[in-house]
Amino acid sequence: VLLVILENLGVNVTTLIASLGVGGIAIGLATQNILSDLFASLSILLDKPFEVGHFIIVGEHLGTVERIGLKTTRLRSLSGELLVFGNNDLLYSRIRNYTHFWERRVVFVFGVLYSTRSEQLKRIPVMVREIIENVGQTRFDRAHFKEFGDFSLNYEVVYYVLSPDYTVYMDIQEKINLGIFEAFENEGI
């Protein structure tokens with residue numbers, strides 16, 4: 001409206017329009033990243049792929065979400081350092097959120113010597129099953145003689161820890177490892 005009034009008053013507005021166009025492009029380019037992060041933070045707040053307090057992994061970085069701001073999101077890593085991500089960068093990354101899973105699937109492999117007798121090899125899956133089932137908060141899935149390794153006969157075991165807590169998982173895995181070691185010791189494996 002102002003430009004129309006100036007033009008009716010006889011002022012040449014062509015230069016003014018060109019200047020405003022160039023200025024608009026410059027302002028648009030300058031605010032592009034800021035607006036992108038702003039819309040990304042809005043998307044994070046509305047879609048909620050994670051929230052404050054959630055444990056997430058972004059690429060090779062992992063930590064607990066401390067703050068979701070307008071431009072950045074802050075994670076506290078396990079080693080204590082503060083990781084700062086641009087919200088737009090976060091949305092274009094693969095985010096793994098470990099807060100909402102109920103159980104943890106565990107796969108582990110161990111080997112026994114080639115000198116182990118075949119009847120012992122057949123009993124190993126049964127022994128491992130009993131050990132895992134006797135440890136609380138677990139659900140056994142399978143144990144198999146998987147392969148002939150370079151230096152050992154390898155078994156693969158799969159079970160579930162019925163808690164997402166990492167410390168609980170490690171406590172259970174330690175009990176299972178010690179149970180397998182003791183059973184093997186008793187069987188001469």
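G188 is exposed, with a relative accessible area of 59%, and sits in the segment after α5. In this predicted model, G188 and N88 are 100 residues apart in sequence, and their C-alpha atoms are 58 Å apart in space.

**Nonpolar cores**

- The largest nonpolar core has 24 residues, and F110, I124, Y159 and I176 touch the most other members.
- At least two residues of this core come from each of β6 (104–112), α4 (118–134), β7 (138–148), β8 (153–161) and α5 (166–187).
- Leaving aside residues up to four places away in sequence, F110 touches I124, V128, L153, N154, Y155, V157, I180 and F184.

**Helix α2 and its surface**

- Helix α2 spans residues 14–47 and has a kink of about 45° centred on Q32.
- D37, A40, S41 and I44 are the buried residues of α2.
- The cover over these buried residues includes β2 (61–68), β3 (72–77), β4 (82–86) and α3 (87–91).
- F39 also lies in α2, but F39 is exposed, at a relative accessible area of 55%.
- A nonpolar surface patch is formed by L35, L38, F39, L42, L46 and L70, which together have about 630 Å² of accessible area.

- K48 follows α2 and is placed in the loop between α2 and β1 (55–58).
- The phi of K48 is near 55°, a positive value in a residue other than glycine.
- K48 is partly exposed, with a relative accessible area of 48%.
- Q137, in the loop between α4 and β7, is not a glycine either, yet has a positive phi of about 60°.
- The relative accessible area of Q137 is 45%, so Q137 counts as partly exposed.

**Salt bridges**

- The model has 7 salt bridges, including the pairs below.
- E119 pairs with R117 in a salt bridge whose closest N and O atoms are 2.7 Å apart.
- Both partners are partly exposed: E119 has a relative accessible area of 38%, and R117 has one of 46%.
- E133 forms a salt bridge with R129, with 3.0 Å between the closest N and O atoms.
- E133 and R129 both lie in helix α4, 4 residues apart, which is about one turn of the helix.
- In an α-helix there are 3.6 residues a turn, so residues three or four places apart point the same way.
- E133 is partly exposed at 46% relative accessible area, and R129 is partly exposed at 41%.
- E156 forms a salt bridge with K146, and the closest N and O atoms are 3.5 Å apart.
- This pair links distant parts of the chain, with E156 in strand β8 and K146 in strand β7, 10 residues apart.
- E156 counts as buried because its relative accessibility is 16%, under the 20% cut-off.
- K146, in contrast, is partly exposed, with a relative accessible area of 45%.
- R142 joins K146 and E156 in a network of salt bridges.

How values were computed:
Residues are numbered from 1 along each chain as its sequence is written. This is a predicted model: local features need pLDDT of at least 70, side-chain atom pairs count only at pLDDT 80 or more; totals for chains, interfaces and linings use all residues. Side-chain values use heavy atoms; hydrogens and water are left out. A nonpolar core is a set of buried Ala, Val, Leu, Ile, Met, Phe, Trp, Tyr and Cys residues joined through side-chain atoms within 4.5 Å. Buried means under 20% relative accessible area, exposed over 50%, partly exposed in between (1.4 Å probe, protein chains only). Contact means heavy atoms within 4.5 Å. Patches are made of residues with over 30% relative accessible area and no salt bridge: like charges are joined within 9 Å, nonpolar side chains (Val, Leu, Ile, Met, Phe, Trp, Tyr) within 5 Å. Accessible areas come from the Shrake-Rupley method with a 1.4 Å probe; for residues, only the protein chains shown count as cover. A salt bridge is a side-chain nitrogen of Lys or Arg within 4 Å of a carboxyl oxygen of Asp or Glu. The bend at a residue is the angle between axes fitted to the seven residues ending there and the seven starting there.
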